[in-house]
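Here is a friendly briefing to read alongside the model. Please keep the viewer open as you go through the points.

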Amino acid sequence: MLTTLYTENELKTIVKDIAKNIAENVIEQKCEKPPVMICILNGAFIFFADLVRELGDCEIDFIRAKSYDGVTQGELKITKYPEIPLCNRDVFVIDDIYDSGNTMDFIIKKLQVDKPKSITPVTLFKRFSSDTPKDLIYGYLIKDEAWLYGYGLDGENGLYRNLKEIKGIYIEVD
């Protein structure tokens with residue numbers, strides 16, 4: 001059964017907190033140019049849109065990495081690559097959830113070829129059981145048995161992305 005886990009107002013609050021954390025990171029890094037914010041499509045697009053509206057000057061681009069076929073994680077493929085030159089730039093890679101870390105790690109390795117000054121991963125959610133990279137900025141820590149829908153995250157057949165809140169189904173873990 002689909003249950004509301006995070007309301008629209010709770011999401012707005014955490015997005016503002018994440019934006020503040022990013023702004024502090026930009027100040028610490030003494031960025032000479034506005035940072036480049038890269039959205040991992042498709043799941044992060046709503047979170048990303050809300051997040052960049054809370055930030056100061058930044059450049060925006062997108063990358064698409066596909067790894068899920070329904071609910072099963074498979075081989076990763078890049079199907080859209082950023083067009084902004086990343087050399088010597090501070091880059092923030094925005095995703096919906098840090099699950100196994102495979103997608104984020106794969107994308108960061110691909111982006112490192114362009115020799116950015118820094119790459120900082122940012123996610124709305126982090127699974128409790130996943131390792132935490134030292135620079136990861138995230139909003140909510142979630143239990144492993146929840147499957148999330150809404151606010152950009154889809155269910156089977158690509159449905160539920162347009163929900164204003166996060167709903168979830170708890171899966172029994174043996």
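In what follows, Ala, Val, Leu, Ile, Met, Phe, Trp, Tyr, Cys and Pro count as nonpolar, Asp, Glu, Lys and Arg as charged, and the others, Gly among them, as polar. This is a predicted model, in which local features need pLDDT of at least 70 and side-chain atom pairs count only at pLDDT 80 or more, while totals for chains, interfaces and linings use all residues. Residues are numbered from 1 along each chain as its sequence is written, and side-chain values use heavy atoms, with hydrogens and water left out.

**The second largest pocket**

- A pocket here is an open set of points on a 1 Å grid over the protein atoms alone, where a 1.4 Å probe fits, with protein on both sides within 12 Å along at least five of seven lines; lining residues have an atom within 4 Å of a point.
- The volume of the second largest pocket is about 160 Å³, taken as the space filled by probe spheres set on the points, with grid points joined across faces, edges and corners.
- Its lining holds three nonpolar, no polar and seven charged residues; among them are Glu-8, Lys-12, Asp-50, Arg-53, Tyr-151 and Lys-164.
- Helix 1 (8–29) and helix 2 (45–53) are the elements that give two or more residues to this lining, and helix 1 has the largest share, with five residues.
- Helices (H or I, at least four residues) and strands (E, at least two) are DSSP runs, numbered from the N terminus.

- Three strands make up an open sheet in the order 1-9-8, with antiparallel pairing; two strands pair if DSSP finds at least two bridges between them.
- Strand 1 (3–6) and strand 8 (146–149) are the edge strands, each pairing on one side only.
- Strand 1 is joined to strand 9 (residues 166–170) by three bridges: Thr-4 has Lys-167 as a bridge partner, and Thr-3 has Gly-168.
- Four bridges link strand 8 to strand 9, and Trp-147 is placed opposite Ile-169 of strand 9.

**Helix 3**

- Which residues are buried in helix 3 (residues 102–112)? They are Thr-103, Met-104, Ile-107, Ile-108 and Leu-111, where buried means under 20% relative accessible area (1.4 Å probe, protein chains only).
- Down the axis of helix 3, these buried residues fall within an arc of 125 degrees, so they line one face of the helix; the arc is that of the directions from the helix axis to the C-beta atoms.

Methods
Buried < 20%, exposed > 50% of the residue type's maximum accessible area, 1.4 Å probe, protein only.
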